[in-house]
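Here's a quick briefing to read alongside the model. Have the viewer open and follow the topics in order.

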Amino acid sequence: SSDELKEFVSGLVSRAEKIRNGMVKPAEDNMLAVTNDGRKAALDLRLVDSLAVDHPGSKVNVCCDNVYAIWERTKAIKATQLVFCDLSTPTKDGSYSVYNDLRSKWIAKGIPESEIAFIHEHDSDAAKAKLFKQVREGVVRILLGSTQKMGMGTNVQTRLIAVHHIDCPWRPSDVEQRDGRIERQGNMNEVIEIYRYVTRGSFDA
């Protein structure tokens, strides 16, 4: 938890108090907006403040390093990983996106771009089927997606070694959906790894 995040969270508390006391109209601010901003800030402050710095200890960077380390040590068996993130999906307008940030950092570390895929870039059923086959074969070794797009029907467990939850979905059933991608028969790995990333002093807790 950085000082900038603490300051932002205290601002959210002030907003919530004004809403509770009826000092703002629902169209101007509401608890859903406060909660969404809190979740975004917990993921990465750059989602709520374009001038925020790339904090070395942010959970995006911790996840980035962890995924890379697993990718490196499981090269021999071409093990694969899923990264779940419902907020901050890929953008094309140049605005900050966790997806784009992670991909560029992994490429800089030496992971071939061809081994990293976003489910959002595979819209049709045929494109998804081809992508899932590439993951099962270990051609694509890191797949990023949201619960909605990468939940039910995503059968890629063959080489799955790790699942990473960068953000926490609203419903417990969504967590089950995510974990259900790796906790399946037909996985060649007897031991699997599930990571949940939490930012101290944020809406995550």
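How many bridges join β4 to strand β5 (residues 193–196)? Four bridges do the joining, and the two strands run parallel. Before digging in, note that this is a predicted model, where local features need pLDDT of at least 70, side-chain atom pairs count only at pLDDT 80 or more, and totals for chains, interfaces and linings use all residues. Residues are numbered from 1 along each chain as its sequence is written, and side-chain values use heavy atoms, with hydrogens and water left out.

**Strand pairing**

- Helices (H or I, at least four residues) and strands (E, at least two) are DSSP runs, numbered from the N terminus, and two strands pair if DSSP finds at least two bridges between them.

**Burial of the strands**

- Strand β4 (residues 160–165) has six of its six residues buried, so it is largely enclosed by the rest of the structure; buried means under 20% relative accessible area, exposed over 50%, and partly exposed in between (1.4 Å probe, protein chains only).
- For β1, five of the five residues are buried, so this strand too is largely enclosed by the rest of the structure.
- Both faces of β1 are covered, with Thr-80, Leu-82 and Phe-84 buried on one side and Gln-81 and Val-83 buried on the other.

**A residue to check: Lys-78**

- Lys-78 lies in the loop between α3 and β1.
- Its phi is near 50 degrees, a positive value in a residue other than glycine.
- With 42% relative accessibility, Lys-78 is classed as partly exposed.

**Aromatic pairs**

- Rings of Phe, Tyr and Trp (its six-membered ring) pair if their centres lie within 6.5 Å; planes under 30 degrees apart count as stacked, over 60 as edge-to-face and the rest as tilted.
- That rule gives three aromatic pairs.
- One of them is edge-to-face, because the rings of Tyr-99 and Phe-118 have centres 5.3 Å apart and planes at 85 degrees.
- This pair links distant parts of the chain, 19 residues apart: Tyr-99 is in helix α4 (residues 98–109) and Phe-118 in strand β2 (residues 116–118).
- Tyr-99 is buried at 0% relative accessible area, and Phe-118 is buried at 0% too.

**The largest pocket**

- The largest pocket holds about 400 Å³ of space; on a 1 Å grid over the protein atoms alone, a cavity is a set of points where a 1.4 Å probe fits but cannot get out, and a pocket is an open set with protein on both sides within 12 Å along at least five of seven lines, while lining residues have an atom within 4 Å of a point.
- Grid points are joined across faces, edges and corners, and the volume is the space filled by probe spheres set on the points.
- Of its 23 lining residues, Ser-2, Leu-5, Leu-45, His-55 and Ser-58 are the closest to the centre.
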